[in-house]
Amino acid sequence: MNEPHRLRVGVLASGAGTNLQAILDRVHGKEADVVAVGSDKPGAEALGRALGLGIAAREFPASEYADREARDLAIAEWLVEQDVELVVLAGYMQLVSAAFLAAFPLRVINVHPALLPAFPGIRAVEQAVAYGVKVFGVTVHFVDEGVDSGPVIFQRALALPEPHDAGTVRDALRPIEHELLTEAVRAIAAGAVRVDPDHPRRVYVSFDG
């Protein structure tokens, strides 16, 4: 008997790869298979995590490409060669170009350490701490051509009413990032995520079909 198809996932990461590890621990080999891991940072720990499991891994340093679009096209071509169906930006600290997104329409997701649309972009936690917010959170969203502006799939808030430094907040948010990101991959793999064509900012998640 043929095994049921599992969603083929490519992950892009810039650093240690803890979100990647959460996907590997909770989803890989079950609802989905991570088949490719790429990074803009040579020697990124995320690449080592992939290679340790025999997963295709590749570096894409900016110095090897004429510009960001050229690098994005190379990454997209490589992911297509690996038959990737969903791209997960898991701590990937680069914007992706329109050409990259065109290769994976509504098939690129990102995890962000803030309750969007508040505090988009880099250093979101530092921005929130400086602003003095009392509620922090995590967003998983589809990626579009803007900066953390795509339709929201999941969000979860975390109340931290007393002042905290950015490091403490990041530590508190990290388990939520891991949970929401893996939930999103699992839901997409199950065909449970739908964008309303009449209201493209509305994303519905239902495992009831």
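## Exposed and buried residues

A residue counts as exposed when its relative accessible area is over 50%, and as buried when that figure is under 20%. With those cut-offs in hand, let's take a walk through this structure, which is a predicted model.

Across the protein, buried residues account for 44% of the 209 residues.

## Overall build

Six helices and nine strands make up the secondary structure of the protein. Along the principal axes, the C-alpha atoms fill a box of roughly 50 × 45 × 35 Å. A compact globule with 209 residues would have a radius of gyration near 17 Å, and the protein agrees with this because its own value is 17 Å.

How much of the contact set with a separation of 6 or more comes from residues 24 or more positions apart? Such pairs account for 61% of those contacts in the protein.

## The largest pocket

Let's turn to the open space in the model. The largest pocket has a volume of about 860 Å³. Its lining consists of 35 residues, and those nearest the centre are Gly 91, Tyr 92, Met 93, Val 111 and Pro 113. Two or more lining residues come from each of helix H1 (18-26), strand E5 (108-112), helix H5 (124-131) and helix H6 (166-189). H6 gives the largest share, with four residues.

What classes of residue line the largest pocket? The lining has 15 nonpolar residues, 13 polar ones and seven charged ones.

## Helix H5 and its buried face

H5, one of the elements in the pocket lining, also has a set of buried residues: Ala 124, Val 125 and Ala 128. Viewed down the axis of H5, these buried residues fall within an arc of 100 degrees, and therefore they line one face of the helix. Their packing partners are E5, strand E6 (135-142) and H6.

Just after H5 comes Gly 132, whose phi is positive at about 85 degrees.

## Loops worth a look

Back to Pro 117, which sits in the loop between E5 and H5. The peptide bond joining Leu 116 and Pro 117 is cis, with omega at about 15 degrees. Pro 117 and Val 147 are 30 residues apart in sequence, and their C-alpha atoms are 9.9 Å apart in space.

Two aspartates have a backbone feature to check on your display. Asp 83 is not a glycine, yet its phi is positive at about 60 degrees; this residue lies in the loop between helix H3 (68-81) and E4. Asp 148, also not a glycine, has a positive phi of about 55 degrees. The loop that holds Asp 148 runs between E6 and strand E7 (152-159). Is Asp 148 buried or exposed? Its relative accessibility is 17%, so Asp 148 counts as buried.

Our last stop is Ser 97, found in the loop between strand E4 (86-89) and helix H4 (98-103). With a relative accessibility of 7%, Ser 97 counts as buried. Which residues does Ser 97 touch, leaving aside those up to four places away in sequence? They are Arg 68, Glu 69 and Asp 72.

Key:
Residues numbered from 1 in each chain as written. Predicted model: local features only at pLDDT ≥ 70, side-chain atom pairs only at ≥ 80, totals over all residues. Heavy atoms only, no water. 1 Å grid on protein atoms, 1.4 Å probe; cavity = no way out; pocket = protein on both sides within 12 Å on 5 of 7 lines; lining within 4 Å. Points joined across faces, edges and corners; volume = space filled by probe spheres on them. Nonpolar A, V, L, I, M, F, W, Y, C, P; charged D, E, K, R; others polar. Buried < 20%, exposed > 50% of the residue type's maximum accessible area, 1.4 Å probe, protein only. Arc of directions from axis to C-beta. Contact = heavy atoms within 4.5 Å. Rg over C-alpha atoms; globule rule 2.2 N^0.38 Å.
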